[in-house]
Number of protein chains: 2
Amino acid sequence: MSEGPIFERAAALFASLQEAICAGLEELDGVGRFTSDPWERQGGGGGLSRVLAGGRVFEKAGVNWSKVEGELPAEFAAQIPGGGTAFSATGVSLVLHPGSPMVPTVHANFRFLAKGERAWFGGGSDLTPYYLFREDAAHFHRTWQDACAGHPGVADHGKFKAWCDDYFMLPHRGERRGVGGIFFDYLDGAGVEGGLDAVLAFVAGAGRAFLPAYRPIAARRSGEPYGERERQWQLVRRGRYVEFNLVYDRGTVFGLKTGGRIESVLMSLPPLCRWDYDPGDPPRGSREAELVHVLRNPVDWLGSDAGVE
Amino acid sequence: MSEGPIFERAAALFASLQEAICAGLEELDGVGRFTSDPWERQGGGGGLSRVLAGGRVFEKAGVNWSKVEGELPAEFAAQIPGGGTAFSATGVSLVLHPGSPMVPTVHANFRFLAKGERAWFGGGSDLTPYYLFREDAAHFHRTWQDACAGHPGVADHGKFKAWCDDYFMLPHRGERRGVGGIFFDYLDGAGVEGGLDAVLAFVAGAGRAFLPAYRPIAARRSGEPYGERERQWQLVRRGRYVEFNLVYDRGTVFGLKTGGRIESVLMSLPPLCRWDYDPGDPPRGSREAELVHVLRNPVDWLGSDAGVE
């Protein structure tokens, strides 16, 4: 991993993460298989979209890899660090929508960008349950805390956790989209021993932490019983996922407005969802209300007040 | 209608339109009834949201009236004609989602805004079929042409038709969201005999044209047979409606980012929809392909090439 330009090494890392994650998710699902859809980008580069639909665990799971180079529209270029409009970017990005409302939706993304004199890594992962299992949220956060722990100077778990709570926010709903995780950006290695190589090592570790963070949760919840009420609640909550991605998510909006490959950009949207008029808050004391409470009041899942025994 | 401040007269007009349209839609539906949900806005004014869900024809139909006054956030105020940040606005806005994929979704909106030294009307209506019936599109457009015809100087049907095709565009899909209709904005009465009063008269006529434009179409298509294939196509196309409203629609984005009443702002979203990964173009020669063709190539529905006998 320490040979060659960092852009090439990052791209190779993300490709290997895509392969390992897809293999791990197929093993978990047991039935569904990922398709492979390679694509090229007008203007330079391309990617590989992999999708599993109609599985035992996953209703729709997408894991996308891309490596692109080219010119940004001037308006967008001005919003991004580094001079000029030429850029190169590579990353792996996934959103998994399980069929069962007892299994949380999850997102992860790890990416490298270079523009002008600047180059940096970004990424993160966040968990969106439909029903709250406190020990699952704690396990997810603990895995990310461990992934950060070995990289002092690069990774600050407390900061990345708070950044995640801030980023995955729907201001118009007064809710976060889930129970959080980590989010980080603009990690350019400045002031860090090893510079960008040290950041790459952290990102590689975080990428490898994805399966341990999510797979045990999906495995143990995929057998939980549920009925029509829980399914309908899941469809309503998936609508909030759509609202976040189409209105606020920087990557999605960027992809839509800069001519990204639409099917890959919108791979994150759920297979089925619904919007009712003013469904109101769930009944007090219900499991649905318990979820909404933590979406409105972020929890320190590794603290003593997380309600995890 | 010619007494009192124009803001009050516009608000009264829009309230009466809401009442008449809801009554006409209940008559058409035959089963569903509109609920009435009055709301107040922090900072001044309020509105009345009316929703019919689970009817015979309509799966979800929302007709919203509002009359609000207050201060705009500076960032948004700068994007809107007229000085300062104080504004007043009133309007009626509707989106109807039928259960049958043979009955088109429809939107209409008529509004009045005043800010600083400026005051103007805007609005329009557009039709979003899932299956194309050319005579329906022609009827819809002809009704709007007639509504414009009596108001030379105020209403230019050719311009408003083209504006509609431009506005209801999803650039990332290379498609319009439907077969169009009319769209107009910033009608301030400048250079028009009668000024804003003449514009109000046109808007009143356009509002009264909504039921004649849409009701006959819904009535004659609500008995058309369809099956699971047509229903699934409708759910996919409804996803495009969500994409337009959350990414591009000025009113929706404005409402989300300025603290509008969320349930009213998002009343326009469909009850149920889906996103599949890369479903591709419908088979050549299919009815679905016929629709997509006209979404990509706007038609002059009142011209000789519209394919209407």
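1. In this predicted model, the contact between the two chains draws 26 residues from chain A and 26 residues from chain B. On the side of chain A that touches chain B, the elements giving two or more residues are β2 (45-53), β3 (58-71), α6 (228-248), α8 (262-265) and β10 (272-274) of chain A. Of these, α6(A) supplies the largest share, which amounts to 4 residues.

2. In chain B, strand β5 (residues 105-115) deserves a separate comment. Because 10 of the 11 residues of β5(B) are buried, this strand is largely enclosed by the rest of the structure; the criterion behind that reading is that a buried residue has 20 or more other C-beta atoms within 10 Å of its own.

3. Which strands pair with β5(B)? One partner is strand β4 (residues 86-98) of chain B, which pairs with β5(B) in the antiparallel sense over 10 bridges, and a hairpin of 6 residues connects β4(B) to β5(B).

4. Strand β6 (residues 118-128) of chain B is another partner, running antiparallel to β5(B) and joined to it by 11 bridges; here B:T105 finds its bridge partner in B:T128 of β6(B). The hairpin formed by β5(B) and β6(B) has 2 residues between the strands, and B:G116 in the turn has a positive phi of about 55°.

5. Returning to chain A, which residues of helix α9 (residues 287-296) are buried? They are A:L291, A:V294 and A:L295, and, because they cover an arc of only 105° around the axis, they lie on the same side of α9(A). The spacing can be read against a general rule: an α-helix has 3.6 residues a turn, so residues three or four places apart point the same way. On the other side of α9(A), A:A289 and A:R296 are exposed, while β8 (175-176) of chain A is included in what covers the buried residues of α9(A).

Technical notes: Residues numbered from 1 in each chain as written. Chains lettered and ligands numbered in written order. Predicted model: local features only at pLDDT ≥ 70, side-chain atom pairs only at ≥ 80, totals over all residues. Buried ≥ 20, exposed ≤ 12 C-beta atoms within 10 Å, placed from the backbone. Pairing = 2+ DSSP bridges. Contact = placed C-beta atoms within 7 Å. Arc of directions from axis to C-beta.
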